[in-house]
Amino acid sequence: MLHAVAFIAYLVRDRFGHGASENESPYDGVIKYNINLDTDIKINGKEKKCARQVKLVRDFLYKLHLVGEYKDGDFKGLGFGNVSALLPSSSEKKHYCVTATQTGKIPELDIDKHFPVVIDYDFQLYSICAKGTENPSSEAITHAAIYEASDNIKAVIHVHSPKTWKKLLEYPPSKVRRTAEGVKYGSYELSQAVLDLISKGETDGYFVTAGHEDGIFYYGPDLITCLRCAVGIHVETVSDAQEMEQDLNELESKLLT
């Protein structure tokens, strides 16, 4: 139950302050928010359709190495990158389907297993309530903040790309928005920074996480717009665009069916 999680979060916050908990870790990919996962409630038909679309985009990003797993270095063995899409909801809080935590190493995700649905969240108590078989991404609460920032945003993509990240940070903040260097991944501070960064009526865009190495967030009114933005930036800094356009068109057709 969420109220139990909220009480625990209150105790943690009261003692340690925002964003600090037993889950706190200096390493990427570890969940920092308080999570209440209901494994007894299965995702319904609309949620499964959304999961199928998120899967198509996520698996496409995996092939571009924008979602994956670190093979060496300080983050060796940790997965990176996540994707989500908003669901129709009559609730005050927005519901969304998001990739599960630590699935970066898997080439193709399982619709029935790897796509939990977030049904409630609280930034002040730093908690998430979700349903599914596996915990949401460690950045799930950052996705929630992006959706809360503007009602026009319906999809979020978070990728890791060392070359693109470094290149974008060379631009001044007036040209490429970024969160502060002291703001770490999946933290309370990141969720608050996002709420300040994105304007109320904003529809699409991206920002770099200066304090979260290699991290870039893209958001848009739908998955394909969001993906085209991510791939466009990737092509500018890393890859050849010719084959990519054909693959994108094929993916777009699948998303529209």
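This report walks through a predicted model of one protein chain, from its overall make-up down to a few single residues.

## Ground rules

Because this is a predicted model, local features are reported only at pLDDT of at least 70 and side-chain atom pairs only at pLDDT 80 or more, while totals for chains, interfaces and linings use all residues. Residues are numbered from 1 along each chain as its sequence is written, and side-chain values use heavy atoms, with hydrogens and water left out.

## The chain as a whole

Seven helices and eleven strands make up the secondary structure of the protein chain. Here helices (H or I, at least four residues) and strands (E, at least two) are DSSP runs, numbered from the N terminus. The chain has 257 residues, and 52% of them are buried. Buried means under 20% relative accessible area, exposed means over 50%, and partly exposed is in between, using a 1.4 Å probe and protein chains only.

## How confident is the model?

The score to look at is pLDDT, the predictor's confidence in each residue, from 0 to 100. The protein chain averages 87, and 87% of the residues score at least 70.

The start of the chain is another story. Residues 1-27 stay under 50 in pLDDT, and the model has 39 contacts beyond four places in sequence for them.

## Two partners for helix α6

Helix α6 (residues 223-237) packs against helix α4 (residues 162-169) at an angle of about 85°, with the axes 9 Å apart. Those axes are lines fitted to C-alpha atoms, for helices over the stretch in contact, and the angles run from 0 to 180 degrees between N-to-C directions. So α4 and α6 are roughly perpendicular to each other. For the wording: under 35 degrees counts as roughly parallel, over 145 as roughly antiparallel, 65 to 115 as roughly perpendicular and the rest as oblique. On the α4 side, T164, K167 and L168 meet I233, H234 and T237 of α6. By class, this contact has two nonpolar, three polar and one charged residues. Ala, Val, Leu, Ile, Met, Phe, Trp, Tyr, Cys and Pro count as nonpolar, Asp, Glu, Lys and Arg as charged, and the others, Gly among them, as polar.

With α2, the axis of α6 crosses at roughly 10° and the two come within 11 Å, which means that α2 is roughly parallel to α6. Q53, V54, V57, F60 and L61 in α2 meet L223, L227 and V231 in α6. That contact divides into seven nonpolar, one polar and no charged residues.

## Buried spots worth a look

Helix α3 (residues 140-149) is mostly covered, with nine of its ten residues buried. Among them are H143 and Y147.

L248, in helix α7 (residues 242-256), is buried too, with a relative accessible area of 4%. Leaving aside neighbours within four places in sequence, L248 is in contact with F60, I224, L227, R228 and V231. L248 and V57 sit 191 residues apart in sequence but 9.7 Å apart in space, C-alpha to C-alpha.

I111 is in the loop between β5 and β6 (117-122). At 17% relative accessibility, I111 counts as buried, and I111 touches I43, K48, A51, R52 and K55, not counting residues up to four places away in sequence.

## Two positive phi values

Most residues other than glycine have a negative phi. H65 has a positive one, near 65°, and sits in the loop between α2 (45-63) and β2 (68-69). At 64% relative accessibility, H65 counts as exposed. Beyond four places in sequence, H65 touches F80 and H160.

D214 also has a positive phi, near 75°, in the loop between β10 (205-209) and β11 (215-220). D214, however, counts as buried, at 4% relative accessibility.

Definitions and conventions:
Contact = heavy atoms within 4.5 Å.
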